[in-house]
Amino acid sequence: MVDEDDAPFLLREELERLVPFESSARSSFVGRLGDLLDCPDDLARIVYDQLITYATRRLVLTARWLRRPEDDPAAYTVRLRTFIRSQYRPPHSKVDSLVSLLQACVAASSRRPSDATRNALVKEARARGLRCYLCGCDLSHDGQDARRAPTVDHVWPSALGGASMPTNLRVSCKACNDAKNDSVGHADCAFPRLSTHVSQSDGSFSNALPWTFRFAIWSRAHFACTLCGASASEAGPLGVSRTERSDNWHLLNILTTCGRHRTPEFQFP
Ligand SMILES: [Zn+2]
Ligand SMILES: [Zn+2]
């Protein structure tokens, strides 16, 4: 039996092994478009990650959809195996491991952390003065600021098989939890839309870069300052800056910055 903690990551790794990233694929349409936009490797990698996430999501959600309330475990295994063999084309030797990983993901996705677990995590965050692990804001434990209210977030979304275990749970602010939803990172957001002509000194910059996009930008930097590596929880509120000042704001031209590496000009609203 596969450990539920690891199942979604092992599933993703299995897909990556079945269809590996080929950095030499410069002649593909993504490679050629990347050449045109002067970001051949970045673009190819982000498209690859996005499609691997798509495949992971599709498999887990299909496996959830295939489960019937009246199923016993053996009947579900048979149905899942039949479906995988008839609708997908993994090598024969991989079918059983895919079926076990999907079963573990489906089992995890139906669990939720208990109120006691949630309360204990929030209480601990308060006692230790922890910040939101995603954006670095100070959590509002007294209910004064609903956007910064502490919530318990699944690092890997439960809808996609993330376990409701302490290893996969963190305390985040409500704004980040809502923006993250069941996304697994920057490659999982609508990144081609993450581009704006609005400048940071403009009042509409916040609207042009809503929290879902900020989450995507910070996720690309693993929720840490790109320049010094300090994490959001250590460094406090994260901001953004451009890598190339002569270029516009778009995902591949935005850095994540901590307070120390933010100039007043780049103060995030
Ligand atoms: Zn946050
Ligand atoms: Zn920094």
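This is a predicted model: local features need pLDDT of at least 70, side-chain atom pairs count only at pLDDT 80 or more; totals for chains, interfaces and linings use all residues.

User: What share of the residues of the protein chain count as buried?

Analyst: A residue is buried if 20 or more other C-beta atoms, placed from the backbone, lie within 10 Å of its own, exposed if 12 or fewer, and partly exposed in between. By this criterion 32% of the 269 residues are buried. Contacts are a separate criterion: two residues are in contact if their C-beta atoms, placed from the backbone, lie within 7 Å. Among contacts between residues at least 6 apart in sequence, 64% join residues at least 24 apart.

User: Which domains does the domain assignment give?

Analyst: Domain bounds come from an automatic or database domain assignment. Here it gives domain 1 (7-109), domain 2 (115-180) and domain 3 (186-266). The C-alpha centres of domain 2 and domain 3 are 21 Å apart, and their contact takes 12 residues from domain 2 and 11 residues from domain 3. On the domain 2 side, the residues divide into nine nonpolar, one polar and two charged. In this count Ala, Val, Leu, Ile, Met, Phe, Trp, Tyr, Cys and Pro are nonpolar, Asp, Glu, Lys and Arg are charged, and the others, Gly among them, are polar.

User: Which residues have the most contacts inside the largest nonpolar core?

Analyst: In soluble globular proteins, nonpolar side chains tend to be buried together. A nonpolar core is a set of buried Ala, Val, Leu, Ile, Met, Phe, Trp, Tyr and Cys residues joined through C-beta atoms within 7 Å. The largest one has 36 residues, and Leu 134, Cys 135, Cys 176, Ala 216 and Trp 218 have the most contacts inside it. Helix H9 gives the most to this core, with five residues. Beyond its neighbours within four places in sequence, Leu 134 is in contact with residues including Cys 176, Phe 215, Trp 218 and Phe 223. Another core, of 20 residues, lies apart from it and has Leu 11, Leu 80, Ile 84 and Leu 102 among its members.

User: Why is helix H9 described as largely enclosed?

Analyst: Helix H9 (residues 211-220) is largely enclosed by the rest of the structure because seven of its 10 residues are buried. They are Phe 213, Arg 214, Phe 215, Ala 216, Ile 217, Trp 218 and Arg 220. These residues pack against helix H7 (174-180), strand S4 (239-242) and strand S6 (254-257).

User: How many bridges join strand S1 to S2?

Analyst: Two strands pair if DSSP finds at least two bridges between them. Strand S1 (residues 150-154) and S2 run antiparallel and are joined by five bridges; among them, His 154 has Leu 169 as its bridge partner in S2. Four of the five residues of S2 (residues 169-173) are buried.

User: Is Asn 181 buried or exposed?

Analyst: Asn 181 is exposed, with 12 C-beta neighbours inside 10 Å. Although Asn 181 is not a glycine, its phi is positive, about 50 degrees, and it lies in the loop between H7 and strand S3 (195-196). Phe 223, likewise not a glycine, has a positive phi of about 55 degrees, but Phe 223 is buried, with 21 other C-beta atoms within 10 Å.

Conventions. Residues are numbered from 1 along each chain as its sequence is written. Chains are lettered from A and ligands numbered from 1 in the order in which they are written. Helices (H or I, at least four residues) and strands (E, at least two) are DSSP runs, numbered from the N terminus.
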